[in-house]
Amino acid sequence: MKLKKITALLLSSALMVSMLAGCGGAAEAPAPADTAPADTTEAADSGDDAAAADTAEASESTGDVKEFTMFITMPGSEINDDNEIAQMIADKWGVKVKETWLTGQTASEATGTLIAGGEYPDFIDSDEMNLLVDADALVPLDDYIDKYPEFRDEWFTPEEWDKFRQPDGHIYWINPFGNTMGETKQTTHNDEAFWIQVRVLEWAGYPKIETMDQYFDLLERYIAENPTMEDGTENMAYTILCEDWRYFCLENAGQFLAGYPNDGSVIVNKSNMTIEDYNTSEDTIQYFKKLNEEYNKGFVDPESFTQTYDEYIAKLSTGRVLGMVDQWWDFAYTVNDVFKQTGLDLKGCNYVPLGLTTKEGMENRWHTYDDTVNQASGIAITTDCEDPEAAFKFIVDCAMDQELHDLRWWGVKDVDYNVDDNGLYYRTDEQRQNWADTSYQAAHRCQYSYFPQWHGTSRDGKNANKPEEQPSEFMNDMAKPLKDCFDAYGITTYPQMIGSVQETNGPWFPMYSYSNNFTTETPGGVAWAKMGECKHEWLPKVVMAKDFDKGWGEYMDAYEACKPEDFLAEMQEILDTFK
Amino acid sequence: MARVKTEKTRKIPITMKEMKKQSFLMIVSFCMVVYGIIFYYWPLTGWIMAFQNYKPKKGLLGSKFVGLDKFRFLFEDDVFIKVIRNTFAMGVINLVSTTIMAVLFAIILNEVRRTWIKKPIQTISYLPHFLSWIVVTGILHVSLSPTGIVNDVLMRMGFIKQAINFFAHPKYFWWIVAFANCWKETGFNAIIYFAAITGIDPSLYEAASIDGADRLQKIRYITLPGIKPTFLILLLMNVGNVLNAGFEVQYLLGNGLVQSVSQTIDIYVLKWGISQNDYSLGTAAGLFKSVVSILLIVLANGLAKRYSEERLF
Amino acid sequence: MNEKEYKVSKPISDKIFGVIVVIFLASFVIITLYPVINTVALSFNDGIDAVRGGIYLWPRKFSMKNYKTVFAMQNIWTGAKVTVARTVLATLTSLFANALLAFVVSRKRFLFKSQLSLFWVITMYVNGGMIPVFLLYKNLGLTGTFNVYWVPGMISAFNMLVMRTYMEGIPESLEESAQLDGAGYFTIFKDIISPLRKPVYATVALFIAVWQWNSWFDAMLYNRMKTQYTTLQYELMKLLSSVMQQSGSAENAKNAGGNTITPITIRAAVTVATMLPIVCLYPFLQRYFVTGLTIGGVKE
């Protein structure tokens, strides 16, 4: 009896669901939105421009708004379909872009399936541009670029444009990032450094710290006198993050200590244009020797090499860690938030960067002043885009129209920011919070963050192009100890604190943009991958070694076995093209 | 294989009469085979990639053939040999430990008579299955850190004098992974054994009680034989999976110091294949895994047929 | 009442055994429940506060922000509907298909049963890779449709083998007597085999449902641009990966005053949101695992 009932229930629900599914299927059939464009393009071709505009999205009541799709091989936040600022942009500039982001795949997997399937979004920004060029999926942009000479001349120098030229002579993509307009407004040191808490500097009377020896000497002295924090938490002199790709916190300080900029994978010796390997350089040996010494003295966190990123951030958040090497973006945003919430910023737990070098009096290049143009990726228009003309115009608008730029990055005037009597933009706490709120972002904010954008000063000559670079925003929440520290050193920004030399980097900079694209198809690529593996395993061992020289010797044996010379030779070849 | 088997079991002559009688079975089989060929066997054309330098643009037919180059690359790399060892070791340890735990848990929970205890425990037991690995490994990491609860307990009980950094020593790694697997999956894996135990004829237990058997004896002579078919089938299936020892756990728990024991084939493939754009290498490794799996299955199936009733095919 | 009766005749070994059972289960429950409680606690905690670590069984700084963020997502309800639909439909179709196949290969007289089994066993261990599968689905017109969720995975050798094991346990005499009555194989399947195997159906249905419920990769791969076919898990994965991305952005830095979310707490909320519905389903299926023993108990 009961069984029959259940069976009946199951059957009827199965029927219902399959009907539902059937409906879905039926609805699917007459509206093959993806396959239809073939016909519509034909119609458009026969007509004039007005007809072309119609094809974009006939169903939209706005009529002449063109809807484009975009896929970005990075994780990111999708905005709502009825996002307010996106609608404003559509109303005024006639373009709406539906962005989709990477989820749960690697960039190359995602790009690979796109290519295999042969269907592309209108815009694409992938880390695997070469694959797309190989597949003839991208529209050459040269002609379009020349149609907008203002944009062409302002966005890149001819040399920079040339870096984007592929072997066939065409330019297929434009890097949207890292361009500074007018005077730089940079207030943070968004790069790598030896960081130190301001309370340590304050305790020591704000000394000048130039070398690793001085740095560790200061940390040791501080710990000796202040073994715990006010609340009894034990202070920790130095920790190292070593998880996965984040092991740069351990790995590459050697190049900076030698006074070189962040070429990442190698050192470029400008005097004779040769590639040098910092892994085996004297400065790097000194650096690891010092770490080894401090480790054996007990001043380096014993969990350094096994902690995860979350554990590391949690550790920094307690305010007990006096110093470490890291990139600002890797820790500062989260950790500073916690400090603010827990009041640790008032106790001097904020970090400031130190531009250490091997010897006193050397120039340091920890901070990158120049725009870093990464020629390996950028925004591109695909061959599936029906109206590349309009698509490209929007790219240009994003870069050239200040109103659009402000709308994307500052938001709506009087809603997301206010303007004071001097014409300077400022935000209230509430506006700032809204702007950072996930739900608000989805409903209201529309940055089109992979379209061209500027740092530096706005075309009005006053404001920063991006809120986070606006001086008032920066000074807004500086805690007193941090401010005292800045005052004591007579500086107003983080880059001034680290005091790197200002000079123009070579056109090859940064070299890591090349090595990142190495594949296992070349011996150099194989060597590069193996070197990474080897360093992951051996650098911690070297630091922990009882006998440094012996440990280093073993590491070098393993390192040489990876054939680093193959890698260096290929890097040299690339550098030679700039001779 | 198939021939040996038919000799052993009853011989059924292939006659028209028999075929007609079995027409329903034949039709179903035919449909299923067609379905299987389309959805499971047709994509295996992708294995061609293992012998090519596959480029997505050129596709399967257009890419350049490189013969056994990809396999040569794998097997000439000392690291890959180590990686096979790690995968195999962790696969076997995981298989044994998770199976034992699931059976143990199912049997022990079955001994609880009160449903109001039994049901909630069963529900709780399978909850961790829904936690992602990153959550589970995160908690495990905190618990096993030098300042974590495990070291704390061990030190208080006097087993150790100094905190152990479990993740810094290769010798602990495989066992930590096995523990993590048991922790997450025991309850879920046990579900199938609950169902098996439910299927045992209750009159058997009655008879045993009358004969004066205690609970252990009932487990031994009734429950265990009752779940034996399920146990063997699952074991056989999982023998083919020992090379799928996982990816996420090892990736999330590993670090530079233990990478010589933590890397599995899947991690290796990701590092060398996918992230370097080399689809062919990943396919070659996958093909290697499939071949080994099928060999293991055929072997295990042969053994099972010889020593018991159960078999996969 | 049976309990009492039972206790009287309990041998000493049973008492020792009982103690062991209690200890085992108690420690098992504690160790299993802990990560779950920890996740729930985190899901109700303020994001920035959670970064500091040290939250175990109870939230430290209570916040509903995580759940608000999850449920404020634009496509979450579309996703939920699609997920429920695919779970129900796939569970039914897949259960039926697997049962049918299991029935066929468990017929002792069937001429090709071992070949057919082998054919399916192999599918468990071979995999052509993402790209060929993608191309296949595209050519079959499955990409960009709802059908991609239930058609390709309808038969799984694992589930089929689990069912086969049970069906083989049915006495052959049942089948023979049915055949003597002139019943064909279809009738035997319909009348005899299928109603008898309730626990195994519950088990397999659970496996399929859990698998379907948690799937998101297919939605991402085949329906990336089709918002109407998005699934709950895919939406949640998108949220998670966007929060992970954002936590390192300058915007958040100036945000400490408000309620905040971070990957740690959002992940927890997402986990709880996923876990709850499927956990609620379990007690309904559980009946089938317990019935046999309750009957046994009564008979004792």
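Start by colouring chains B and C: 75 residues of chain B are in contact with 81 residues of chain C, where contact means that the C-beta atoms, placed from the backbone, lie within 7 Å. On the side of chain B that touches chain C, 45 residues are nonpolar, 21 polar and nine charged. For these classes, Ala, Val, Leu, Ile, Met, Phe, Trp, Tyr, Cys and Pro count as nonpolar, Asp, Glu, Lys and Arg as charged, and the others, Gly among them, as polar.

Before you go on, a word on what is on screen: this is a predicted model, in which local features need pLDDT of at least 70 and side-chain atom pairs count only at pLDDT 80 or more, while totals for chains, interfaces and linings use all residues. Residues are numbered from 1 along each chain as its sequence is written, and chains are lettered from A and ligands numbered from 1 in the order in which they are written.

Which element gives the largest share of the side of chain B that touches chain C? Select α3(B), which supplies ten residues. Helices here are DSSP runs (H or I, at least four residues), strands are E runs of at least two, and both are numbered from the N terminus.

Helix α3 (residues 23-41) of chain B packs against helix α5 (residues 76-105) of chain C at an angle of about 125°, and their axes are 10 Å apart. Axes are lines fitted to C-alpha atoms, for helices over the stretch in contact, and angles run from 0 to 180 degrees between N-to-C directions. That angle makes α3(B) oblique to α5(C); angles under 35 degrees count as roughly parallel, over 145 as roughly antiparallel, 65 to 115 as roughly perpendicular and the rest as oblique.

Show the side chains: L25(B), V28(B), S29(B) and M32(B) of α3(B) meet L100(C), L101(C) and V104(C) of α5(C). By class, this contact of α3(B) with α5(C) has six nonpolar residues, one polar and no charged ones.

**Inside chain B**

Next, stay in chain B and pick helix α8 (residues 133-144) and helix α10 (residues 170-198), which pack at about 130° with their axes 11 Å apart. That makes α8(B) oblique to α10(B). Look for V136(B), T137(B), L140(B) and L144(B) in α8(B), meeting I176(B), A180(B), W183(B) and K184(B) in α10(B). The contact of α8(B) with α10(B) divides into six nonpolar residues, one polar and one charged.

**Over to chain A**

Chain A touches chain B too: 26 residues of chain A are in contact with 22 of chain B. The largest share of the chain A side, five residues, comes from α5(A). By class, that side has ten nonpolar, eight polar and eight charged residues.

Then find the open sheet of five strands in chain A, in the order β2-β1-β3-β12-β4, with mixed pairing. Two strands pair if DSSP finds at least two bridges between them. At the edges are β2 (95-101) and β4 (173-174) of chain A, each pairing on one side only. Zoom in on β4(A): two bridges join this strand to β12 (residues 379-381) of chain A, and the two run antiparallel. I379(A) in β12(A) is the bridge partner of I174(A).

Go to M212(A), in helix α11 (residues 212-225) of chain A. Is M212(A) buried or exposed? M212(A) counts as buried because 22 C-beta neighbours lie inside 10 Å; 20 or more such neighbours make a residue buried, 12 or fewer exposed, and anything in between partly exposed, with C-beta atoms placed from the backbone. Beyond its neighbours within four places in sequence, M212(A) is in contact with L257(A), Y287(A), K290(A) and L356(A).

Most residues other than glycine have a negative phi, and most peptide bonds are trans. A cis peptide bond joins F509(A) and P510(A), with omega about -10°, and P510(A) lies in the loop between α23 (494-498) and α24 (512-515) of chain A. M273(A), in the loop between β8 (267-269) and β9 (274-276) of chain A, has a positive phi, near 50°. With 14 C-beta neighbours inside 10 Å, M273(A) counts as partly exposed.

Key. Contact = placed C-beta atoms within 7 Å.
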